[in-house]
Amino acid sequence: MHGGGVVLPVNGGGGVGPGPGDAYSSEITFTVAMSCLMAASGGLIFGYDISITGGLTQMQSFLEAFFPDIIEKMNNASQDEYCIFNSQLLTTFVSSLYLAGMIACLVAGHITRRIGRRNSMLIGASLFLAGSILNCAAANIAMLVVGRVLLGIAVGFTNQSAPVYLAEIAPARWRGAFTSIFHFFLNVGIFVADLVNYRANTIAGWGWRLSLGVGIVPATVILLGAFFIPDSPNSLVLRGKVDAARGSLRRIRGGRNNASVEAELKDIVQAAEEDRRYESGAFRRIVRREYRPHLVMAVAIPVFFELTGMIVVTLFTPLLFYTVGFTSQKAILGSIITDVVSLASIAVAAAVVDRVGRRPLFMVGGGVLLACLVGMAWVFGAQLGADGGKAMPRRYAVAVVALVCVFTAGFGVSWGPLKWIVPSEIYPLEVRSAGQGMSEAISLLLTFAQTQSFLNMLCSFKYGTFAYNAGWVVIMTAFVFFFLPETKGVPIESLREVWARHWYWKRFVKPLPAAAPEPETAAAAKVADGPV
């Protein structure tokens, strides 16, 4: 079938005969659980910093301190409702994080390859802390923007290293669930930010400082916790530290089954040797013909993720709800409701992603996103009008909240977690840092572009903004159907075979030659075959 791809069984996962990774341990140890939780916590602070701006940008105390012109628009009865928050200075404050993150991602890929995934996360945690302190103490817009830039650099390091770290240390059988924890924590951060904003919005004068200052707490916890987790064995082998990698693997897998540790280490070493066969850098390597599917996915997945419209819906949900007639406090409450829906849907995705696979979730999510975007375009167009001059009836405003909740659920079971799962697992070791860095850089660049342009688009295109995203959802769902193979259950260093058997990508990726059998195995096979 088009887009199918062969899934190689893991630990007797239903296939005929042994598959790669059959000798691997699938035990979930205390070390792997705690390491995954700590690495995924980078998503928590990222989610907090994403969402905190949505509440801040319509918070009275914050606008009075930094954006008094928007207060004037809010109090103007003849103001076009679509254009209240259309301020270039405001979008610069929001989007500076993403531009800094995009640049940092490109640098972080090279640095992470040299110093390891764990140390890269330590750099990110330190910058999260510094940026949060500067934002909380801000006395002018310049301090706000510099603080956001520091947070953006932190995002570049953690988003480049944490998802790959999770994919490398998780047992192959549960890799999807473990990697999705990053997105779950990201949404926990969004939820916490909206709760903080809900309370801070009632504090006159300095409530905005509470919103920005709370980020110091998780940044401190992540910084301290990162010192106690092991680096991934894949990263250690890539840096020539095979003995340290063996120790890390025993710690992660439990150390009770030496044979499974050695089998997994052997595959990691083989992947690292493949890496050393090349003299060129990872970024030059990934543009070669044999890495064509990886290059395409490094570009396509973040582009499509951004074009679902979810990032701007997440960032500007309070502003959307304010636009359709809710008060400032009720708009933040509406965001909290969507956060709960998001967390529930991500939990569902984590529970089923390693059972039903990645592709079915993409298909279901695509259908839900399309229906909701078309619904929002119709409600905004019919009830708010093309000039934003109408007041939206209450029942339709409630319908907008319902559509945003369903949209959030569809995203939470599909593109939300899968945007982190799929890129973190599909790249060969020799281009993994480059692929992940490129993917995150593109994602952050597009987030920057959208946060810079969304409020202007809403002001200019009105309800057509949602129809624009709906068209892209059709395209991305078709792309996944035809070109993304299923990867569930396949060990991360064995995914080459999946690409080599795909109906389209097999013209670019060739399977590795079969390894020569061990002498004892060859002799046993000859006896089993009988006399020649």
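Colleague: How much of the protein chain counts as buried?

Modeller: Of its 532 residues, 59% are buried, meaning under 20% relative accessible area, with exposed being over 50% and partly exposed in between (1.4 Å probe, protein chains only). This is a predicted model, where local features need pLDDT of at least 70, side-chain atom pairs count only at pLDDT 80 or more, and totals for chains, interfaces and linings use all residues. Residues are numbered from 1 along each chain as its sequence is written, and side-chain values use heavy atoms, leaving out hydrogens and water.

Colleague: How many helices and strands are there?

Modeller: The protein chain has 23 helices and zero strands; these are DSSP runs, helices being H or I of at least four residues and strands E of at least two, numbered from the N terminus.

Colleague: Switching topic, how many salt bridges are in the whole structure?

Modeller: Eleven, counting a side-chain nitrogen of Lys or Arg within 4 Å of a carboxyl oxygen of Asp or Glu. One of them joins Arg239 and Asp231, at 2.8 Å from N to O.

Colleague: Is Asp231 buried or exposed?

Modeller: Asp231 is buried, at 11% relative accessibility, while Arg239 is partly exposed at 22%.

Colleague: And which residue does Glu262 pair with?

Modeller: Arg250, with the closest N and O atoms 3.8 Å apart. Glu262 sits in helix α12 (residues 258-276) and Arg250 in helix α11 (residues 242-253), twelve residues apart. Glu262 is partly exposed at 30%, and so is Arg250 at 32%. Shared partners put both into one salt-bridge network with Asp243 and Arg246.
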